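Hi everyone, thanks for coming. I'd like to walk you through one protein model today, so please have a look at it with me.

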Amino acid sequence: MKVTQIEIKKLGINGEGIGYINKKVCFVDNALPGEVVEVGLDNNNPRYYKGKIVKYIKQSSYRQKTICKEDGHCLGCSLTCYQYDQQLIYKKDLLKDVLRKYTKLPLKYLPIRNTISAHQTLGYKDVVSLPVTYFQGKVRFGIYQRESKYLTLMDQCVTQNPLINECLQQIEDILNECHVRDYNEKFKKGLRFIRMRLIENQIQILFVTGNDGIKEEAIQRISQIPSVKAIWYTINTARYQDFDKKGYTKLYGDSKFSFDCLNQRYQISIKSDYPINPYQEEVKLSLIQSMIEEGHILSLNCGIGVLELALNNDIIAIDERKENIQDANDNKQLLHKHNVEFVCRNIDEAVITYCKKNSFDYMIVRGEGLSDTMIQSMILSKIKNVIIVSDHPSSLAKNLEEIKDYYKIKTMIPVDSYPYTAKFDTIVHLVKH
């Protein structure tokens with residue numbers, strides 16, 4: 001393995017350090033801007049090198065002691081050694097980098113705000129989905145890392161809510177004492193996954209199992225954990241992992257949980273979407289709310305309608321998941337709201353239909369970005385305001401380049417919902433020229 005010395009110039013889109021060897025880019029994990037490192041080159045791809053750190057020659061003044069004992073093994077968080085205030089700067093700079101790469105927009109004059117920091121940087125994940133594996137004679141919740149095949153045990157993750165970690169450890173003990181095993185592909189039996197959601201200090205559990213389900217003794221004991229208020233399971237023996245396509249069976253507890261957001265009370269069922277970081281979700285929704293004045297709204301990928309039911313505008317809200325729309329309509333009745341029509345339909349098909357029939361002042365789009373159909377519809381129907389919420393900076397930049405002749409950027413706000421990772425959300429408010 002060839003060893004060479006390089007200086008790290010910046011961080012890439014996945015939080016990896018970037019340096020150059022004879023003008024050829026070299027990606028280096030766990031390296032920060034300004035650092036000088038000796039790296040072993042693992043490959044000689046025609047387009048780039050990939051280096052593994054052998055030695056730090058000069059370390060960044062912004063390097064901190066890692067927050068995670070699995071640092072260097074787990075691929076989940078790439079910024080565990082980076083001071084948090086610098087992570088916020090990095091995410092804004094990354095947004096600028098993708099805009100520079102994919103657009104011809106005048107970057108110097110774009111109204112890009114500083115990254116909004118997270119309310120809490122540790123223990124912020126209230127939703128986890130974890131594989132079940134057999135390790136050192138025990139059933140554990142862990143993830144095998146793609147590159148090294150290293151098993152990262154996930155019952156003490158510092159980005160997960162401490163109550164979730166505590167519950168995971170208790171469940172592991174119960175499963176082992178009840179002699180529950182992990183999934184066996186050949187016999188299609190055993191426990192495959194656990195999905196856990198913490199909603200206002202109450203935990204909802206979904207087990208994904210083989211044909212044998214899960215032992216009644218284990219369920220009875222798990223139900224006695226004080227924070228656990230609902231247990232469900234679904235049988236899935238297919239190779240794909242889209243578990244929501246299968247039916248769910250309730251084994252214990254409540255069918256719906258309640259939560260507060262935007263000064264209202266909502267209910268949510270087991271299959272509907274709930275944010276990983278609920279506090280930052282409310283921050284994003286409040287920002288969108290502040291951008292909206294009077295007018296008719298078309299809202300795409302509306303989820304269970306939290307934002308829409310907090311507005312007083314006339315709204316058509318669309319989502320492709322029937323569970324989301326069912327909860328949205330239930331919440332509509334609970335809140336006695338009559339200004340929103342919730343529709344379960346393919347997004348692109350619905351956009352064409354409703355843009356032909358209606359005149360909209362706002363279009364709100366959440367997800368990966370704008371499809372060609374969305375772009376064509378909003379231009380032809382002359383929608384005045386478009387608000388995009390995206391966690392894919394590159395896709396967002398490409399969209400902005402496509403519509404730059406029709407819409408100008410009023411404001412662009414990066415929001416950090418995922419501290420210590422390279423991921424973040426961006427809210428863009430566009431106004432028709």
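Let me start with a question: which residue stands opposite Gly17 in S4? It's Val28. Before I go on, a word about what you're looking at: this is a predicted model, where local features need pLDDT of at least 70 and side-chain atom pairs count only at pLDDT 80 or more, while totals for chains, interfaces and linings use all residues. Residues are numbered from 1 along each chain as its sequence is written, and side-chain values use heavy atoms, with hydrogens and water left out.

Okay, back to those strands. When I say strand or helix, I mean DSSP runs numbered from the N terminus: helices are H or I with at least four residues, strands are E with at least two. Two strands pair if DSSP finds at least two bridges between them. Strand S3, residues 17-21, runs antiparallel to S4, and 5 bridges join them.

Both belong to an open sheet of 6 strands with mixed pairing, in the order S1-S5-S6-S4-S3-S2. At the edges you find S1 and strand S2 (10-11); each has a single partner strand, so one side of each has no neighbour in the sheet.

Stay with S1 for a second, residues 3-7, because Val3 is found there and is partly exposed at 43% relative accessible area. For those words, buried means under 20% relative accessible area, exposed means over 50%, and partly exposed is in between, with a 1.4 Å probe and protein chains only.

Now for the rings. You describe a pair of aromatic rings by the distance of the centres and the angle of the planes. Rings of Phe, Tyr and Trp (its six-membered ring) pair if their centres lie within 6.5 Å; planes under 30 degrees apart are stacked, over 60 edge-to-face, and the rest tilted. How many aromatic pairs does this rule give? The count is 4. One of them is Phe27 with Tyr48, edge-to-face, at 5.6 Å centre to centre and 65° between the planes. That pair links distant parts of the chain, 21 residues apart: Phe27 is in strand S4 (residues 24-28), and Tyr48 is in the loop between strand S5 (36-44) and strand S6 (49-58). Phe27 is partly exposed at 24%, and Tyr48 is partly exposed, at 24% too.

Next come Tyr84 and Tyr420, a tilted pair with 6.4 Å between centres and 40° between planes. Here the partners are 336 residues apart, with Tyr84 in helix H1 (residues 84-102) and Tyr420 in the loop between strand S21 (407-415) and strand S22 (425-432). Are these two buried or exposed? Tyr84 and Tyr420 are both buried. There's also a cluster, where ring pairs link Phe259, Tyr266 and Tyr274.

My last stop is a hairpin. Strand S14 (residues 256-261) pairs with strand S15 (residues 264-269) in the antiparallel sense, over 6 bridges. Within that pairing, Asp260 stands opposite Arg265 in S15. There are 2 residues between the strands, and Leu262 in the turn has a positive phi of about 50°. Keep in mind that most residues other than glycine have a negative phi. Asn263, in the loop between S14 and S15, also has a positive phi, about 65°, and is exposed, with a relative accessible area of 82%.

Back in strand S14 we have Ser258, partly exposed at 26%. In sequence, Ser258 and Gln202 are 56 residues apart, but in space their C-alpha atoms are 9.7 Å apart.
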